[in-house]
Number of protein chains: 2
Amino acid sequence: MNTLPKLSNQQIRLAARPVGLPKRSDWAFTSEPVAQPEPGGLLIKTLALSLDPAMRGWMNEGKSYIPPVAINEVMRAAGIGVVLKSNHAGFAPGDQVSASLGVQQYCALGSADIKRSGLFKIDARLGTPNQWLNVLGMPGMTAYFGLLDVGQAKAGDSVVVSGAAGAVGQTVGQLARIKGCRVVGIAGGPAKCDWVVKELGFDACIDYKAGNPRDALKAACPKGVDVYFDNVGGEILDMVLARINRKARIVICGAISQYNNTTPVQGPKNYLSLLVNRARMEGMVVFDYADRFPQAVAELSGCLRDGRMKSREDVIDGLQNFPEALLKLFTGENFGKLVLRVAAE
Amino acid sequence: MNTLPKLSNQQIRLAARPVGLPKRSDWAFTSEPVAQPEPGGLLIKTLALSLDPAMRGWMNEGKSYIPPVAINEVMRAAGIGVVLKSNHAGFAPGDQVSASLGVQQYCALGSADIKRSGLFKIDARLGTPNQWLNVLGMPGMTAYFGLLDVGQAKAGDSVVVSGAAGAVGQTVGQLARIKGCRVVGIAGGPAKCDWVVKELGFDACIDYKAGNPRDALKAACPKGVDVYFDNVGGEILDMVLARINRKARIVICGAISQYNNTTPVQGPKNYLSLLVNRARMEGMVVFDYADRFPQAVAELSGCLRDGRMKSREDVIDGLQNFPEALLKLFTGENFGKLVLRVAAE
């Protein structure tokens, strides 16, 4: 039985339910001795955490697709870690795993947790740890099943995706291109727009912060929109609703423009375009597709390997920077999948 | 060749595009000699016209699923008529037909019009002319394909329908009951609510004008909502969105609460319930199902014949009363399918 030096586990806990954007005082910085794994359990050292818009929803009280993070609970976060100690036959020290690790340096998981957290070994040949949080992780899975299953995108379709330079958007757009669609992104600022067109091969990208995005969308989609993959909600959702084609599919993946509202969510006032166009708007939660993740990982890692798909992560160092890092998602400052590096491999 | 006495054709034309509720001055009352049918055409005497919420949309400028009624054009209306004169081999004087006749006493249709207007002979054995405008007409077809195709209602589902005592709602609810669903209506006032429960066999009906409809919906749907057939939009759509189940289907058939708005349409601020519940909201236009109308007519007329389904029409007499009659739809005064009787059979 291997032993470990006495280690301290830095953690960030939810101290208060935020009103609007989370403030520093909504967090508590705590430290406790590293727990030892139970029989059948694992002790994992966090390497990198995924920062996701959905985290904002987990901080609110009320019914959602998963229970909220409780006050004083370690903030929930998906991440990549390395097994330090294993009491589980399926894992050995040194294995890299993807799991719900929480915003902390170390995570001890019991055998029930291992199942519940969706923990699995990552295959380093298929992608870097950062890519396992991006194209091969939840954002990539969300893009894959959202675009192909919910959105039913097919060759020749005109596909629009908002948050185009973000984690989900970058894979949605590239996958749509690979499937033979015409792809238009929506992103904030010329740097992101240039990148998705020049590097990722989108047909066009609309800078929603510049000029008249309504006219730009019309120009970029002269034949209308067959699939809209919505990560942002608000005015942009309404703008696209006004341009959809008959039988269009709108995938509701998120609504980042609305997550920090202190007023009610802005409903899409153009929703009757669904009626006129016999179109549909459908929500998705990636966890529903867990059985089919291997299929998506196989296809997406193949695209990464042969160069048809690129990935970009925006990496911030240091667990203690979590509160400020998270805010970058809501100000749109992140450029690519936002990752918090917690420890070197 | 049979001849007709010189007849005058009273007509109601769209004089101005209404702002809000249509006013008397938005209409022009005109009269012209009855036209003679072209070779291949028909002269039809209007018996009854269907008054539908969709008519309000046809009066607005702008792109929709059909072109707007032009200024000075006879107002568009579906109706039942009797053939007075036929130059078409498929029709004989005395045949009763369903067609887009317009708000006028007589309608001369050329052979191209006959095709375009969706004209067909009605079978008096299957239903009365009023029923051919209701359960066996567009409202019934809308109910049938909206509930079963778009809404995918199946036995055991919890189905909610707004405008429950209206033309579409009455058939949606009864058909859902026949298919083994639990059915809850939403209607205005105790008379309508009593009728849909006691006469039509709905499991419950919520009076949206009384008490707290939110609590009433919760009590009436303790297991949530699987299918919501929306005829009204606005606050009621939001109320139901807050109660939907996972994988729920919301059929967007209409939004009568919004048609006379002079402010922007109220978007559903609870639309993110679609995401949380992996649910969908889908628009429908009944004309898309024209090929399958015979199937629906066969099933629905069977239900009428064996007494499993009832129908109710709210009949107003006289072409000249069209402007006021139409308004009853928007004040919710009509009780059952609103029909304008233009002439005796």
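Two residues are in contact if their C-beta atoms, placed from the backbone, lie within 7 Å. The views below are of a predicted model.

**View 1. Where chain A meets chain B.** In the predicted model, 25 residues of chain A are in contact with 25 residues of chain B. Two elements of chain A, helix H9 (273–276) and strand E13 (280–283), each supply at least two residues of the side that touches chain B. E13(A) gives the largest share of that side, 4 residues. By residue class, the side of chain A that touches chain B divides into 15 nonpolar, 5 polar and 5 charged residues.

**View 2. The strand pair between the chains.** E13(A) pairs with strand E13 (residues 280–283) of chain B. The pairing is in the antiparallel sense and runs over 3 bridges. Within this pair, Met281(A) stands opposite Met281(B) in E13(B).

**View 3. Chain A as a whole.** Chain A has 11 helices and 15 strands. Taken along the principal axes, its C-alpha atoms fill a box of roughly 65 × 45 × 35 Å. A compact globule of 345 residues would have a radius of gyration near 20 Å, and chain A, with 20 Å, agrees with this. Of the 345 residues of chain A, 51% count as buried. Among the contacts in chain A with a separation of 6 or more, 67% are between residues 24 or more positions apart.

**View 4. The two assigned domains of chain A.** The domain assignment of chain A gives domain 1, made of 8–134 + 312–341, and domain 2, made of 138–287. The C-alpha centres of domain 1 and domain 2 of chain A lie 28 Å apart.

**View 5. Where domain 1 touches domain 2 in chain A.** Here 17 residues of domain 1 of chain A are in contact with 15 residues of domain 2 of chain A. On the domain 1 side, helix H1 (54–58) and helix H11 (322–331) of chain A are the elements that give two or more residues. The residues of the side of domain 1 that touches domain 2 divide into 8 nonpolar, 6 polar and 3 charged.

Terms used: Residues are numbered from 1 along each chain as its sequence is written. Chains are lettered from A and ligands numbered from 1 in the order in which they are written. This is a predicted model: local features need pLDDT of at least 70, side-chain atom pairs count only at pLDDT 80 or more; totals for chains, interfaces and linings use all residues. Ala, Val, Leu, Ile, Met, Phe, Trp, Tyr, Cys and Pro count as nonpolar, Asp, Glu, Lys and Arg as charged, and the others, Gly among them, as polar. Two strands pair if DSSP finds at least two bridges between them. The radius of gyration is taken over C-alpha atoms; the globule rule is 2.2 Å times the number of residues to the power 0.38. A residue is buried if 20 or more other C-beta atoms lie within 10 Å of its own, exposed if 12 or fewer, and partly exposed in between; C-beta atoms are placed from the backbone. Domain bounds come from an automatic or database domain assignment.
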